[in-house]
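Take a look at the chain below and keep it in view as you read. We will go through charged pairs, aromatic rings and a helix crossing.

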Amino acid sequence: EIYIRDVRAEATFFDSTLPVVKIPGIKYYFSEVELFLNPEFNFLSNDLIIKTYKNYHERKLIPTYTFTTLTRRLESLYGNKSEAKFKALNFWADYHLRF
């Protein structure tokens, strides 16, 4: 399997109004906690999983530039920088409540 972090914020589902762009055969993830849903990662230790979830809830897993990328993507879709920033903050908060 090929796993790629979605640093362009195009393959991660945030909202039904945003198009999702994926290359067939690639499994995208936005943060490492998503990998735990795949059975091929069942070899990971409980200690690592616990530490990863802790970092996820502290918002330490996703690189900061990915938020910038998401904001830029939304700005290109909406044509409005302040609306893009507002939506990006909401999508970011929602994502951090998923797992």
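Start with Lys 60. Its relative accessibility is 56%, so Lys 60 counts as exposed, the cut-off being over 50%. Keep in mind that this is a predicted model.

Which residue does Lys 60 form a salt bridge with? The partner is Glu 58, and the closest N and O atoms are 2.9 Å apart. Glu 58 has 37% relative accessibility, so Glu 58 counts as partly exposed. The general idea is simple. Side chains of opposite charge can pair when their charged atoms come close.

How many salt bridges are there? The count comes to 7. Another one joins Lys 27 to Glu 1, with 3.7 Å between the closest N and O atoms. Now see where the two residues sit. Lys 27 belongs to strand S2, residues 26-29. Glu 1 lies in the segment before strand S1. The pair therefore ties together parts of the chain that are 26 residues apart in sequence. Lys 27 is partly exposed, at 29% relative accessible area. Glu 1 counts as exposed, at 69%. Glu 40 comes in here as well: Glu 1, Lys 27 and Glu 40 are linked in a network of salt bridges.

One further salt bridge brings together the side chains of Asp 94 and Arg 98, at 3.5 Å from N to O. Are these two residues buried, partly exposed or exposed? Asp 94 has 37% relative accessibility and counts as partly exposed. Arg 98 has 34% and also counts as partly exposed.

Now turn to the rings. A pair of aromatic rings is described by the distance of the centres and the angle of the planes. The structure holds 11 aromatic pairs. Take Tyr 56 and Tyr 95. Their ring centres are 6.1 Å apart, and their planes make an angle of 75°. Planes over 60 degrees apart count as edge-to-face, so this pair is edge-to-face. It also links distant parts of the chain. Tyr 56 is in helix H1, residues 46-57, and Tyr 95 is in helix H3, residues 81-95. The two tyrosines are 39 residues apart. Are they buried or exposed? Both Tyr 56 and Tyr 95 are buried. For Tyr 95 the relative accessible area is 0%.

Tyr 95 has another ring partner, Phe 99. Here the centres are 6.0 Å apart and the planes stand at 65°, so this pair is edge-to-face too. Phe 99 has 26% relative accessibility and counts as partly exposed. Step back to see the wider group. Ring pairs link Phe 14, Phe 30, Tyr 56, Phe 67, Phe 91, Trp 92, Tyr 95 and Phe 99 into a cluster.

Last, follow two helices, H2 and H3. Helix H2 covers residues 64-78. The axes of H2 and H3 come within 8 Å and cross at roughly 130°. How are the two helices placed to each other? An angle over 145 degrees would count as roughly antiparallel, and 65 to 115 as roughly perpendicular. The crossing angle is roughly 130°, so H2 and H3 are oblique to each other. H2 passes H3 in a right-handed crossing.

Which residues meet there? From H2 come Thr 66, Phe 67, Leu 70, Thr 71, Leu 74, Glu 75 and Tyr 78. On the H3 side, the residues they meet include Lys 81, Ala 84, Ala 88, Phe 91 and Trp 92.

Notes
Residues are numbered from 1 along each chain as its sequence is written. This is a predicted model: local features need pLDDT of at least 70, side-chain atom pairs count only at pLDDT 80 or more; totals for chains, interfaces and linings use all residues. Side-chain values use heavy atoms; hydrogens and water are left out. Rings of Phe, Tyr and Trp (its six-membered ring) pair if their centres lie within 6.5 Å; planes under 30 degrees apart count as stacked, over 60 as edge-to-face and the rest as tilted. Helices (H or I, at least four residues) and strands (E, at least two) are DSSP runs, numbered from the N terminus. Buried means under 20% relative accessible area, exposed over 50%, partly exposed in between (1.4 Å probe, protein chains only). A salt bridge is a side-chain nitrogen of Lys or Arg within 4 Å of a carboxyl oxygen of Asp or Glu. Axes are lines fitted to C-alpha atoms, for helices over the stretch in contact, and angles run from 0 to 180 degrees between N-to-C directions. Angles under 35 degrees count as roughly parallel, over 145 as roughly antiparallel, 65 to 115 as roughly perpendicular and the rest as oblique. A crossing is left-handed if the near helix is turned anticlockwise from the far one by less than a right angle, and right-handed if clockwise. Contact means heavy atoms within 4.5 Å.
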